[in-house]
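Here are a few notes for anyone opening this one for the first time. Have a look around, then read on.

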Amino acid sequence: MKQLSLVLLLSILLVSCGSSFQSFYNNHKADMGATSFQVPNFMKAVLSNISPEVKNAIGNISDFKYIKFQNTNALKRNTLLDEMNAVTNSGYTDIFRQNEVDNTRIISVVELGAVVTHAIIFNSTATETTAYYLQGNFDPEKIKSFSDRETFNAFSNDLLQSYNTNLNPSFNPIN
């Protein structure tokens, strides 16, 4: 009976999450242990200052969202995986998917001809889950390069460092 109610709860969560990355993001950005940001149009200059390596890897961005969950337990991780599967099953094509007990990596895209217009880069381990959403015009081979763990980690670190360096909010006019 417990398992049936858990399955029912997960189904309700999947339906309430919707099947877009924006819904996934909105439903989880306030979760405890989550770090998230999205780059609105007026902050596109922040993205223009990223390192040449990151800029070369991701190309022309018109929308960017990032969310990271730390210290996730097995139930939370499974819920996130189920929700991301619902998102990527709604019009995306997987160009890379690795499902292992301790690590799931998904790179899923929407293409227009030979150009990727939307990309989701998702990585989930036993303790941390990270997801990126990119909209713009990208080279499919460069997006696929994120299937390599070191490339993904270097991209994440470089992008976050660049974003944090270029975004230093202060409400104190002296600072």
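This is a predicted model: local features need pLDDT of at least 70, side-chain atom pairs count only at pLDDT 80 or more; totals for chains, interfaces and linings use all residues.

1. Most residues other than glycine have a negative phi.

2. The protein has a mean pLDDT of 77, with 68% of its residues at 70 or more. Taking the elements one by one, α2 has the highest mean pLDDT, at 95, while helix α1 (residues 2-17) has the lowest, at 44.

3. Two stretches call for some care. Over residues 3-17 the pLDDT is below 50, and this stretch has 13 contacts in the model beyond near neighbours in sequence. The pLDDT is also below 50 over residues 169-173, a stretch with one contact of that kind.

4. Now to the aromatic side chains, where the count comes to seven pairs. In one of them, the ring centres of Phe21 and Tyr133 are 5.4 Å apart and the planes meet at 15°; planes under 30 degrees apart count as stacked, so this pair is stacked. Phe21 belongs to helix α2 (residues 21-28) and Tyr133 to strand β6 (residues 128-138), which puts the partners 112 residues apart in the chain. Both Phe21 and Tyr133 are buried.

5. Ring pairs join Phe21, Phe24, Phe69 and Tyr133 into a cluster.

6. What about Phe37 and Phe64: how are their planes set? This aromatic pair is tilted, with 40° between the planes and 5.7 Å from centre to centre. Phe37 comes from strand β1 (residues 34-39) and Phe64 from strand β2 (residues 60-70), so the pair ties together parts 27 residues apart in sequence. Phe37 has 10% relative accessibility and counts as buried. Phe64 is buried as well, with a relative accessible area of 0%.

7. On to charges: how many salt bridges does a search of the whole structure find? The search finds four. One of them joins Asp31 and Lys76, whose closest N and O atoms are 2.4 Å apart. Asp31 is in the loop between α2 and β1 and Lys76 is in helix α5, so this pair ties together parts that are 45 residues apart in sequence. Lys76 counts as partly exposed, at 24% relative accessibility.

8. Another salt bridge runs from Glu128 to Lys68, with the closest N and O atoms 3.7 Å apart. Here two strands are involved: Glu128 lies in β6 and Lys68 in β2, so the pair links parts 60 residues apart in sequence. Are these two partners buried or partly exposed? Glu128 is partly exposed, with a relative accessible area of 30%, whereas Lys68, at 18% relative accessibility, counts as buried. The cut-off for buried is under 20%, so Lys68 falls on the buried side.

9. Asp94 counts as partly exposed at 33% relative accessibility, and Arg97 counts as partly exposed at 29%.

Terms used:
Residues are numbered from 1 along each chain as its sequence is written. Side-chain values use heavy atoms; hydrogens and water are left out. Rings of Phe, Tyr and Trp (its six-membered ring) pair if their centres lie within 6.5 Å; planes under 30 degrees apart count as stacked, over 60 as edge-to-face and the rest as tilted. Helices (H or I, at least four residues) and strands (E, at least two) are DSSP runs, numbered from the N terminus. Buried means under 20% relative accessible area, exposed over 50%, partly exposed in between (1.4 Å probe, protein chains only). A salt bridge is a side-chain nitrogen of Lys or Arg within 4 Å of a carboxyl oxygen of Asp or Glu. pLDDT is the predictor's confidence in each residue, from 0 to 100. Contact means heavy atoms within 4.5 Å.
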